[in-house]
Amino acid sequence: MSVTDMFSHIQGFLSADQDVREDIRKVVQNLEQTAREILTVLQSVHQASGFKEIPSKCEKARELFCTVRTHISDLKTKFPVEQYYRFHEHWRFVLQRLAFLAAFVVYLESEALVTREEVARILGIEVVREKGFHLDVEDYLAGVLIMASELSRLAVNSVTAGDYSRPLRISNFINELDSGFRLLNLKNDPLRKRYDGLKYDVKKIEEVVYDLSIRGLAKEPEAIEK
């Protein structure tokens, strides 16, 4: 093979690779749009009137996750299954965002931490790497940490809405979450930096609870009803 033929072959490979990446980008854009729509729905829970609408907002968000599953099914067809990590950077951020949204919906519904398996079911993907398009552990953890920041905001807005018991429940949940993360030996730099922000969320929520306590508005945990 001549040098010209060799580089012509390489150009063909690069062009094909670029086509794949462009197809992936188009689907990811659709995922990002749907993620924004879900976030818009859930953001209303921070408003004073939104606390009464949590069940309906979660139901609407779950309906939009059907669209997410459709987009991800389309995304799976755009690249060979064994090349997941070759193209992972294209959808890593939106997958973390979707994991956060799924975690937030589950928390609003049950005030429990969503499992990685449950997030995968909501998104219509796998947990086991060998089975194909899956939810990477670090993407799941990043989504959970994003949710922690959202809950610190919810704690503040709960007080504004006159819901004084919710910040205490959020505080207990976040402290348990923090204890869980302390068990991990995180080596991933972006994830580690995001985890470092959790201590600020813990502090912010503790300040809310303290303020409620000195104002005589905080209830004992065992007296709190969800």
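Residues are numbered from 1 along each chain as its sequence is written. In this predicted model local features need pLDDT of at least 70, side-chain atom pairs count only at pLDDT 80 or more, and totals for chains, interfaces and linings use all residues, while side-chain values use heavy atoms, without hydrogens and water.

The protein has eight helices and zero strands; helices are DSSP runs (H or I) of at least four residues and strands (E) of at least two, numbered from the N terminus. The C-alpha trace spans about 85 × 35 × 25 Å along its principal axes. Of the 226 residues, 44% are buried (under 20% relative accessible area, 1.4 Å probe, protein chains only).

The average pLDDT, the predictor's confidence in each residue from 0 to 100, is 90, and 96% of the residues score at least 70.

Over residues 221-226 the pLDDT is below 50. Where pLDDT is low, the predicted coordinates should not be read in detail.

Helix H3 (residues 84-110) and helix H5 (residues 137-160) have axes that come within 7 Å and cross at roughly 40°; the axes are lines fitted to C-alpha atoms over the stretch in contact, with angles from 0 to 180 degrees between N-to-C directions. Residues in contact (heavy atoms within 4.5 Å) include Phe-100 and Phe-104 in H3, and Ile-146 and Leu-151 in H5.

Terms used:
Buried < 20%, exposed > 50% of the residue type's maximum accessible area, 1.4 Å probe, protein only.
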